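Good morning, and thank you for making time for this presentation.

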Amino acid sequence: MHGGMLRDAIEEAHALVDRGEQGLALQLLVRILDAAAPAEDPDAACAVAEATGMAVRLLGPVAAPGELAGRLERLDRLVAGQTDDRVREAQADAHLQQVEWIHDVEVDDPVVFVDVLRAAEELVARYADPDAPVGVRTAWAEAKLTEVVLRAWLGRPAEERAVGLETLALALEGEATSRLREIRSDALVRAAALRGGLGDADASEVLWRLAADASIVARSAVARHRAALALLDLARARGDGRAWAEAEAVLEETGWDDAPGAHARCVFAAALLERRDPDDAQRLAPGIWRRLIAAHAHGAPDARATLWSWLAAAADIASAPFVDAEVLAAADAAALDDADDATTPARLRLALRRAELAAQAGDPGTAAELAARAEARFPTALDDPRLAAPAARGMLERALRLSDIGRTPESLAVLDRVIVELGARDAGTEHLEAQAYYWRGRLAREIGDGPAAAAAVDRTVERFADAADPDVRVWAANALFSQWQARDPLPGETDPVERFLGLFAADTDPRILRLEARGRLRRAVDAHERGGTPLAVRLLEELLGRFGDSADEEIADTVRTARDNLRILSPVAESTVPAVGSDAHELRLAIAEADRLLAAGHDDAAIPLLEDVETRARRSGSSDDALIGLVAVDLIAGVHAEAQRWPQLAETAQRALLLPEDADHRAQRIRARAHVRLATAYTRLGDAAAAIGVYEALDAVAAESRDDEIASARQLAAYNRAVLLDEDGRPGAADAYRHALRVHEGFAATPERTLRQVKALRNLAIISTQAGLTADAADAHRRVIELALRAPDSGTAERARASAVDVATLYERTGQLPAAADMQAWIAAAPALGFTRQELGRAAREAKRLRKAARRR
């Protein structure tokens, strides 16, 4: 493959990335690189290197182990023998991308940081040649700077990082290129800020010189703003009230009129707002953004495009705070006067982002109107390769919001236009076309137009079920699943179940597998509700056979529900063959009838029937009948538990504790449930001692079982026993919590189990704190955080947030100020646990306060 074809592919990939189609860009690059032959000239070698570098940067966040290294090793083989300086520079830049991707995404995994740090150190060693071409020296400097940044993210000492930055700056002294001078400036600013934080009295003076003296640093907005922020942080630490005014004056400075300057001013404005009290920032933000909009709205086209794009992307609390609908409206109004073709993609993105924000705010009418205005302002967008994807997404958004406000015919008309327009395109928008077909069928069904819905589903499946791109294929699966999920097919629709399984049974995309698992569960539920309980059990067993070991969280939830349903249905469904010499057949028919009555809510009619089954089974003497009687008792106990009839529950649960001869796993599960129910009844009746005794009995009889359901009952019993001991103030509570944690070991994690472990650890931490066992308390809090990070949900995250704050407070109270500061700094960088913006800001301030207090000691 010659260099020209590679160049065309690279250009197309850049265009796809600009439109937000990173996945398609990566597929294109991988396909073209896999077909590439060894480069025959420097131009071809440079093209291979550039394509590889772009692919590596896109792959970074999602690459399998060894994938990046494999790509780069292949690059080295393809360009071997090409020694031109341009090739060496392009090759070095490609290798650099294996670490630079870390700046593109939010990562909070220290293991990833360590891996990338190791790669950065290897690059620094590989390119440490002061006589290398300037592009190679630049790759070395970039890798060295990223290495120091990663050391900061990993909490390495400030002194160590300052030395590394100063070493980098010294190595770059005398470099003439703007990028190397900017890296040197950045290194000097960061080093001076670190020195200031370490108490260096000369740090502020150094920073002023760095900010102002063109002979020392590159005159770049980035360097100027970073120096100003470092000065601001140092001044705030000293309580200097003038710091804010000086920093905001820097924001108003002119001279940064190009695209990098516009971007730097936006980043600087966001950094200033993040350092203000949230209420002050909310009040000041509109004025600050309006002034920046006014400063660049009539400037160079690339600066305008940068401003529009940055604000559109920043209108998300996770990106930059205080860029809201009001700010976007002001920017969009200013962009109305911008008619430059170069800014069109950014202006369209800005207009459509306003519609998205309105939809997120729960105002579909305004969202539909804003999307329609954007469509009118850019009438030829679907014909422009730069604009087709965002324009189509905007039209899809408008269609859905029209449907939300009851204007479904208009919504369908918009979808039809998307389908026609995108169907005429060559490639690149298939996933959007598939979405349009999907929603066409979904909305048609909602208004009762069965033939139109069925036709749309058929078309979606025919066109996209075999697509190579899973982002396209998933919409065909969604279309069939929507039919599958609808229990009552409309006229013109056919049963989609077998069709779905036939098309997607071998698919490995997790989104499609989730649909299949949910559909199989729905199929079993429907079978049971139609009276086909044995069929329902078989379908549930098939579901568990296919997905029982899945590690996917959503599929695991479906599997848990299936197991619960199977637990309820299998005792009835499995009892289908009467035993010789028993009344099993009649008893099972009675159980089935009682089960039907319970499902219909007729508990009063079901209980006498079940009590009669229990009595007859006990008299029979048959082991088969004994199991049926146990099932009846279990069902009666479930009714009493649901109704919170505690005396009746206690009496009924006691009858289920004795197992029949040759008891199988079903009987053992019923006994485990009976123990938990009996202890619950005793607890609610005020007899904690009796409840503790029952929980201890279950702990003993279930200790050797590896049955997952019985293990869950034992785990619940161990935890509940610890809580009762704790509430009663008994000295064995801490050991009971530790025992509860031990009985969870060795079993698959589930949200229920994880939450129970988190609760046990939180209670253990409280007991340890009260006993003055600081190390034990801190260890328990840290384990809470680790569990929550592995399996975040609202319950675990809430407790992990509390533990993070508690352990920081614990460290501070016991005089461990550096450890307390580190914990607060971790909180400030841990949005995954759901801390609010105010809590993150407070943690950052606390970390600085504690570090300052630690230095004074």
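**A charge over a ring**

I begin with a single side-chain arrangement: Arg-276 places its charged end over the ring of Trp-244, at 4.4 Å from the ring centre. Please bear in mind throughout that this is a predicted model.

The protein has 857 residues, and 51% of them are buried. Its secondary structure consists of 40 helices and 0 strands. Of the contacts between residues at least 6 apart in sequence, 61% join residues at least 24 apart.

I return to Trp-244, which is one of the residues through which helix H12 touches helix H11. How do these two helices pack? In general, a packed pair of helices is described by the distance between the axes and the angle between them. Here, the axes of H11, residues 221–238, and H12, residues 243–251, come within 9 Å and cross at roughly 170°. Because angles over 145 degrees count as roughly antiparallel, H11 is described as roughly antiparallel to H12. On the H11 side, the contact is made by Arg-224, His-225, Ala-228, Leu-232, Ala-235 and Arg-236. On the H12 side, Ala-243, Trp-244, Ala-247 and Val-250 take part.

I turn next to aromatic rings. The structure holds 7 aromatic pairs. One of them joins Phe-113 and Trp-153, with 5.2 Å from centre to centre and 45° between the planes, a tilted arrangement. Phe-113 belongs to helix H6, residues 110–126, and Trp-153 to helix H7, residues 134–153, so the pair links parts of the chain that are distant, 40 residues apart. Are these two residues buried or exposed? Phe-113 counts as buried because its relative accessibility is 8%, whereas Trp-153 is partly exposed, with a relative accessible area of 41%.

A further tilted pair is formed by Tyr-719 and Tyr-737, whose ring centres are 6.4 Å apart and whose planes meet at 50°.

Two individual residues deserve a moment. Leu-503 is found in helix H24, residues 497–504, and is partly exposed, with a relative accessible area of 35%. Which residues does Leu-503 contact, leaving aside neighbours within four places in sequence? They are Val-461, Ala-465 and Leu-480. Val-461 is 42 residues from Leu-503 in sequence, while their C-alpha atoms are 9.1 Å apart in space.

The second residue is Asp-634, in helix H30. Asp-634 counts as buried, at 12% relative accessibility. With neighbours within four places in sequence again set aside, Asp-634 is in contact with Ile-670, Arg-673 and Arg-677.

As a general point, most residues other than glycine have a negative phi. The phi of Gln-644, however, is positive, near 60°.

Notes: Residues numbered from 1 in each chain as written. Predicted model: local features only at pLDDT ≥ 70, side-chain atom pairs only at ≥ 80, totals over all residues. Heavy atoms only, no water. Axes fitted to C-alpha atoms, helices over the stretch in contact; angles between N-to-C directions. Helix = DSSP H or I, 4+ residues; strand = E, 2+ residues; numbered from the N terminus. Parallel < 35°, antiparallel > 145°, perpendicular 65-115°, else oblique. Contact = heavy atoms within 4.5 Å. Phe/Tyr/Trp six-rings, centres within 6.5 Å; stacked < 30°, edge-to-face > 60°. Buried < 20%, exposed > 50% of the residue type's maximum accessible area, 1.4 Å probe, protein only. Lys NZ or Arg CZ within 6 Å of the ring centre and 35° of its normal.
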